[in-house]
Amino acid sequence: MAEEPSREAVSQFVERFAGVLANSGVPTMSARVMGAMLVSPTGTMTAAELAESLKISQPAVSGAVRQLLQVSFISRERLPGSRKDHYRIREDVFAAILERRNLALSEWEATSRSGAGLFPADSPVARRLTEAADFFAFIHTDMEQLIKNWRADHPG
């Protein structure tokens with residue numbers, strides 16, 4: 001059994017993880033909050049704990065938490081006897097992230113198809129936009145099935 005990592009090693013991991021999420025389009029502060037919550041032993045943290053852990057201001061935590069709540073990546077709860085909000089990371093947060101991305105693929109497909117319809121079918125522009133739409137539809141279908149398979153193999 002591995003020994004507990006140092007505080008510094010955990011902090012470095014959180015920042016590295018947040019960087020990967022940020023490079024994928026997740027706002028930086030939200031990515032850092034997600035990283036901190038992932039390594040929390042309970043999966044829950046208060047705003048004060050997040051600010052202390054990440055060495056950021058309460059307003060920065062507030063903005064990140066608000067964004068993560070809006071997209072349902074975390075939830076807010078009150079623990080018995082506590083007057084503070086505790087934030088809990090969603091158990092299937094990564095499947096939820098990919099579901100949101102997959103919805104975007106549907107929009108990309110529809111928009112590409114509508115653009116293709118503006119041009120003669122044999123034009124280079126229509127062919128390019130149709131190929132893009134076909135690609136987005138293909139990826140969307142596969143991603144949808146992958147998420148279903150994941151959830152079937154990993155019930156919440």
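The legends below describe close-up views of a predicted model.

**View 1. Helix 1 and helix 2 cross with right-handed geometry.** The axes of helix 1 (residues 7-23) and helix 2 (residues 28-38) come within 8 Å and cross at roughly 135°, and the two helices are therefore oblique to each other. On the side of helix 1 the contact is made by V14, E15, F17, A18, L21 and A22, while helix 2 contributes T28, A31, R32, M34, G35, A36 and L38. Sorted by class, this contact has 9 nonpolar, 2 polar and 2 charged residues.

**View 2. A salt bridge joins the side chains of E15 and R32.** The N to O distance of this pair is 2.8 Å, and the bridge links distant parts of the chain, with E15 in helix 1 and R32 in helix 2, 17 residues apart. E15 is partly exposed at a relative accessible area of 33%, whereas R32, at 13% relative accessibility, counts as buried.

**View 3. The side chains of R151 and D92 meet in a salt bridge.** Here the N to O distance is 2.6 Å; R151 belongs to helix 6 (residues 124-153), and D92 lies 59 residues apart from it, in the loop between strand 3 (85-89) and helix 5 (93-116). R151 counts as partly exposed at 27% relative accessibility, and D92 likewise counts as partly exposed at 24%. Both residues take part in a network of salt bridges that links R90, D92, E99 and R151.

**View 4. Within helix 5, R113 and E109 lie 4 residues apart, about one turn of the helix.** Their side chains meet in a salt bridge with an N to O distance of 3.1 Å, and R113 is partly exposed, with a relative accessible area of 35%. The structure holds 9 salt bridges.

Methods
Residues are numbered from 1 along each chain as its sequence is written. This is a predicted model: local features need pLDDT of at least 70, side-chain atom pairs count only at pLDDT 80 or more; totals for chains, interfaces and linings use all residues. Side-chain values use heavy atoms; hydrogens and water are left out. Axes are lines fitted to C-alpha atoms, for helices over the stretch in contact, and angles run from 0 to 180 degrees between N-to-C directions. Angles under 35 degrees count as roughly parallel, over 145 as roughly antiparallel, 65 to 115 as roughly perpendicular and the rest as oblique. A crossing is left-handed if the near helix is turned anticlockwise from the far one by less than a right angle, and right-handed if clockwise. Contact means heavy atoms within 4.5 Å. Ala, Val, Leu, Ile, Met, Phe, Trp, Tyr, Cys and Pro count as nonpolar, Asp, Glu, Lys and Arg as charged, and the others, Gly among them, as polar. A salt bridge is a side-chain nitrogen of Lys or Arg within 4 Å of a carboxyl oxygen of Asp or Glu. Buried means under 20% relative accessible area, exposed over 50%, partly exposed in between (1.4 Å probe, protein chains only).
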